[in-house]
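Dear colleague,

I am handing over the structure we spoke about, and below it you will find what came out of the analysis. Please read the notes with the coordinates open beside them.

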Amino acid sequence: GQKFEDITKTIFSKLGFNVNEKLRKALNTKKDKIDILLTIKDKDVIIIECKTVKESGYNKFSAVSRQLKSYDKIAKKQGYSVIKSILVAPDFSDDFVKDCVLEYELNLSLITASSLLKILEGFKESKMKQFPHNLLMRDVLIQESNVLKAIGK
């Protein structure tokens, strides 16, 4: 779990995101521990949740949804606006994706670890200096092909 989180943090850093460890630690409680927190600007943040294996409950969208809603509340209490929640995992079941599509409180997107890695590789090869974070804001299931087309222009 921890190694997966560390690699994911590194990828987001290499994409130019501000991985804010200090704020993440300040927001975490004994019960609620945000995996990765990205600061976009001022008080706008993106919460990244990493799931490495299909633990019991991982397949249940409701468990992940409750967890992310709890993180969202913690951030809001401290005056932060969670503009996006992103779940990174090896893959997602069709049912999981369907449940995510119906979730309207979280502004949640799903991305596979392999897609995230391919996006980083595409970004490195692109002429862009700054990764447009809006590319991760649109879809429920982030499609690497769409992101790669956009950054490859």
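Two strands are counted as paired if DSSP finds at least two bridges between them. Please keep in mind throughout that this is a predicted model.

On that basis, five strands make up an open sheet of mixed pairing, and their order across it is β1-β2-β3-β4-β5. The edges are formed by β1 (18–19) and β5 (108–112), each of which pairs on one side only. Strand β4 (residues 81–89) runs parallel to β5 and is joined to it by five bridges, and within β5 it is isoleucine 111 that has valine 88 standing opposite.

Helix α5 (residues 113–125) packs on the sheet, where it touches β4 and β5, and its direction makes about 80 degrees with that of β5. Helix α3 (residues 61–77), for its part, lies across β3 (44–50), β4 and β5, and runs at about 150 degrees to β3.

As for the chain as a whole, it contains six helices and five strands, which follow one another along the sequence in the pattern α-β-α-β-β-α-β-α-β-α-α. Its radius of gyration is 15 Å, which agrees with the value near 15 Å that a compact globule of 153 residues would have, and the C-alpha atoms fill a box of roughly 40 × 35 × 30 Å along the principal axes. Of the 153 residues, 47% are buried, while the chain exposes about 8,600 Å², of which carbon and sulfur atoms supply 51%. Among contacts with a separation of 6 or more, 60% are between residues 24 or more positions apart.

Technical notes: Residues numbered from 1 in each chain as written. Predicted model: local features only at pLDDT ≥ 70, side-chain atom pairs only at ≥ 80, totals over all residues. Heavy atoms only, no water. Helix = DSSP H or I, 4+ residues; strand = E, 2+ residues; numbered from the N terminus. Contact = heavy atoms within 4.5 Å. Axes fitted to C-alpha atoms, helices over the stretch in contact; angles between N-to-C directions. Rg over C-alpha atoms; globule rule 2.2 N^0.38 Å. Buried < 20%, exposed > 50% of the residue type's maximum accessible area, 1.4 Å probe, protein only. Areas by Shrake-Rupley, 256 points an atom, 1.4 Å probe, with all protein chains shown as cover.
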